[in-house]
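Subject: Structure handover

Hello,

Here is the structure I said I would pass on. My notes follow below it.

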Amino acid sequence: MHNDEAPYEYDGMERDRSPVPEEGRRRRSRSLRLGVPAVAVLVAPLLVSAFVVQPFLIPSSSMEPTLRVGDRVLVNKLAYRFGNHPERGDVVVFDGTGSFAAEEESQGNPLTGLLHEAGAAVGLVEPSETDYVKRVIGVGGDSVRCCDKRGRIEVNGVPVEEDYLRRGDEPSTVPFDIAVPGGRLWVMGDHRSDSSDSRDHLGSPGGGTVPVDRVIGRADWIGWPVGRWESVRSSAAGEGAGTVGHG
């Protein structure tokens, strides 16, 4: 007897798939949806810190009373871009490698160093030992000397009234007379009796001055603690001392 029914043909399609692969895909998709924002939350502050504003933890009393130990200042990294230069009276953060600190090869665990840099970048740990915060007293082309008959520092022959100094401190107990080279800065702490600054490096390369291109940014605001929220005052240091080229 002839059978007219068409033979069954396998069309290559699975009729009954296991739900496990689909569940796995859903879990991976959910993980991606949760993971991407988490990574963004971690990376975004580092990008802002790298290019725009960096929190900087004040580790010493060298800038008192303007800045205190434990303050976190917000460093404006765009302040000296687009043709702008540090000015007298600005409070700046800079890398002192080659001027205040010797050039040394990095040592120790690279991962530990990377974690420290990340913590310093968001103001959670003390900055690198080669990072400093000081006030600009002289810029390239200035003549800075200490001191006149009243014990004041002079910039281009003009006495500087430094009302930001810690009470009881003299402008300097170290005499100096320096012509600031072009493209460099003469910097000092506001707590003169407890500040290692340009005066301590008169015999170093650059005569105690710091290259402008080593400046990380200008300290504009105290962001923490809450009770210390305020702008960091730039003084009129050397006002009337004349305009000079920054070199």
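In which sense do β3 and strand β11 (residues 215-224) pair, and over how many bridges? In this predicted model, the two strands pair in the antiparallel sense, over three bridges. Within that pairing, phenylalanine 94 has valine 215 of β11 as its bridge partner.

β3 also pairs with strand β4 (residues 131-139), in the antiparallel sense and over five bridges. There, valine 93 stands opposite valine 133 of β4.

Strand β3 covers residues 91-95, and five of the five are buried, so the rest of the structure largely encloses it. Both of its faces are covered: Val91, Val93 and Asp95 are buried on one side, and Val92 and Phe94 on the other.

Next, the nonpolar cores. The largest one has 14 residues, and those with the most contacts inside it are Ile137, Val144, Ile153, Phe176, Trp186 and Met188. Two or more residues of this core come from each of β5 (143-146), β6, β8 (176-179) and β9 (184-188).

Apart from neighbours within four places in sequence, glutamate 154 is in contact with Ser143, Val144, Arg145, Asp148 and Pro159. Among these, Val144 is also listed with the residues that have the most contacts inside the largest core.

Regards

Notes. Residues numbered from 1 in each chain as written. Predicted model: local features only at pLDDT ≥ 70, side-chain atom pairs only at ≥ 80, totals over all residues. Heavy atoms only, no water. Contact = heavy atoms within 4.5 Å. Core = buried A, V, L, I, M, F, W, Y, C linked by side-chain atoms within 4.5 Å. Buried < 20%, exposed > 50% of the residue type's maximum accessible area, 1.4 Å probe, protein only. Helix = DSSP H or I, 4+ residues; strand = E, 2+ residues; numbered from the N terminus. Pairing = 2+ DSSP bridges.
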